[in-house]
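Open the model in your viewer and keep the selection panel at hand.

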Amino acid sequence: MGSIIEARALSKTFGDREVICDCNLSVRAGEIYGFLGANGAGKTTVLKLICTLLRPTSGKIEVDGLNAVTYRRSVLMKIGSIIEVPVFYEHLSATENLRIHLAYLGLEGKADIAETLERVGLPSTGSQKVATFSLGMRQRLGIARAIIHKPKILLLDEPINGLDPVGIREVRELLLSLAHDDGVTVMISSHIISEIEHIADTVGIIAGGSVIRETSMHALRAESGGNFEDYLINLMSGGVDNA
Amino acid sequence: MRKLIALELAKNNIRIYLIAVAVITVVMVGFTYFYASVPYMSNDEEFMDYSSIFVLVSMLITVSFCILSAVMLSKFIVEEYTGNRAILLFSYPVSRRKILAAKLIFVLAFTFVGLIVSSFVTFSIFGAIEHFAPIVHIGVFAEALAQVMKFVLIESLLAMAIAVIALFFGFLKASIPVTIVASIILCALASSLSNLAMNALQPIATVPPMLVAVVSPLLVATLLVVVLMRKVEGMEV
């Protein structure tokens with residue numbers, strides 16, 4: 001399968017600070033792509049560049065064959081995302097929040113809100129206002145909002161923040177089911193190695209604003225020689241082999 | 001566009017603003033009585049006619065609505081385009097200009113209609129009570145009402161212009177306090193200007209010069225809307 005997200009020679013500068021420089025990455029359709037990096041390595045910036053919230057200083061990004069800068073709206077239709085902490089309309093219920101989201105997508109009445117809430121493990125909150133939701137519930141609602149329009153691509157920035165161990169496992173199973181049953185391409189960023197280790201088909205490691213390694217989980221495991229975590233931490237901290 | 005405006009209505013809690021309009025109206029009936037009864041409390045004051053009282057009260061109503069409008073624009077626009085809220089807003093596959101336009105149209109229409117309705121209701125309540133227990137003995141109520149409503153119409157236009165200009169400063173600074181303070185300062189400026197105009201000419205005869213005084217802020221406001229549209233289009237979050 002070809003790549004559905006393709007970044008070439010990407011760079012992004014904020015003022016005189018180069019956050020992303022000469023970054024290349026390619027996500028194949030239908031896979032779960034684990035995007036690993038230390039805090040501040042540029043994970044969120046890359047995700048924002050992909051979903052058109054930021055414009056690259058140079059280089060280009062194609063999403064499903066479309067340039068992300070030129071075809072902003074078409075690209076956004078293909079993407080479901082949680083970037084940073086998801087925000088909601090606090091005085092409305094989960095269902096009303098999703099209904100508004102669908103209306104903005106031009107899909108009112110064309111998606112099953114109840115089924116989506118059920119799928120993310122958030123059934124029967126009824127008319128309860130989102131303002132009263134716990135962190136975990138908000139995260140689940142965020143995922144529901146990201147998947148409700150059945151996007152081709154799901155971009156998740158640290159999606160397990162605030163979830164308990166049961167929640168983490170449920171989200172993991174949900175993502176696997178989305179990728180394997182629904183054919184959704186999932187790109188998930190995290191600084192937690194074990195989270196990526198459990199689900200990713202391909203791992204991209206970002207350090208210092210550039211993807212320094214992009215390889216299959218399988219190959220990575222073989223390379224690590226049994227000590228997977230140490231190996232990855234070493235890569236994430238700049239790839240200098242000091243072993 | 002109509003759908004985007006309806007969505008703004010669904011996203012925001014409109015009831016509190018309607019309550020605010022009701023409160024403003026009630027308080028303004030109180031102010032109308034205050035102005036009407038001042039001469040009774042101090043003997044040396046001249047008795048006022050309906051028109052003078054209404055013009056004074058209508059200016060207070062305008063200031064109240066300028067502030068209400070600044071609060072609404074803070075909530076609908078300044079807050080929505082900062083931080084994580086902006087991420088959500090810009091994730092919708094909808095033209096950014098159209099979303100901003102929908103927000104502006106809703107808040108400005110609310111200000112415009114609210115100001116006119118609130119003024120009309122204030123003066124009508126006062127007039128209805130006057131019918132049974134009159135305390136103002138100069139002027140004809142119906143004539144004064146007709147005259148002051150023309151004045152109110154112009155003030156509503158001015159209030160919209162002030163709201164947009166205040167929004168512009170608030171948007172630049174991404175700050176709710178800046179929006180509201182800017183609105184108050186602009187109101188003070190506008191009302192001292194119109195006081196000057198009123199002193200120079202008779203209050204109700206000032207409609208044509210007032211119209212001119214309103215056109216320039218409206219032009220400035222229109223220009224600032226264009227600038228804001230550009231800003232939103234190129235915004236990165």
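This is a predicted model. Begin with helix H9 of chain A and what surrounds it. The buried residues of H9(A) pack against strand E3 (32-37), helix H7 (193-199), strand E9 (202-207), strand E10 (210-216) and helix H8 (217-224) of chain A. Show those elements as cartoon.

Now select residues 228-236 of chain A, the span of H9. Which residues of H9 are buried? Phe228(A), Leu232(A), Asn234(A), Leu235(A) and Met236(A) are. Step past the helix to Gly238(A), which follows H9(A) and has a positive phi, near 120°.

Next, select strand E8 of chain A, residues 185-190. Six of its six residues are buried, so the strand is largely enclosed by the rest of the structure. Colour the two faces separately. On one side sit Thr185(A), Met187(A) and Ser189(A). On the other are Val186(A), Ile188(A) and Ser190(A). Both faces are covered.

Which way does E3(A) run against E8(A), parallel or antiparallel? The pairing is parallel, over five bridges.

Move to strand E7, residues 153-157 of chain A. E7(A) and E8(A) run parallel, joined by five bridges. Here Leu154(A) stands opposite Val186(A) in E8(A). Finally, trace the chain from E7(A) through helix H6, residues 165-181 of chain A, to E8(A). This β-α-β crossover is right-handed.

Notes. Residues are numbered from 1 along each chain as its sequence is written. Chains are lettered from A and ligands numbered from 1 in the order in which they are written. This is a predicted model: local features need pLDDT of at least 70, side-chain atom pairs count only at pLDDT 80 or more; totals for chains, interfaces and linings use all residues. Side-chain values use heavy atoms; hydrogens and water are left out. Buried means under 20% relative accessible area, exposed over 50%, partly exposed in between (1.4 Å probe, protein chains only). Helices (H or I, at least four residues) and strands (E, at least two) are DSSP runs, numbered from the N terminus. Contact means heavy atoms within 4.5 Å. Two strands pair if DSSP finds at least two bridges between them. A crossover is right-handed if, with the strands pointing away from the viewer, the path from the first strand over the helix to the second runs clockwise.
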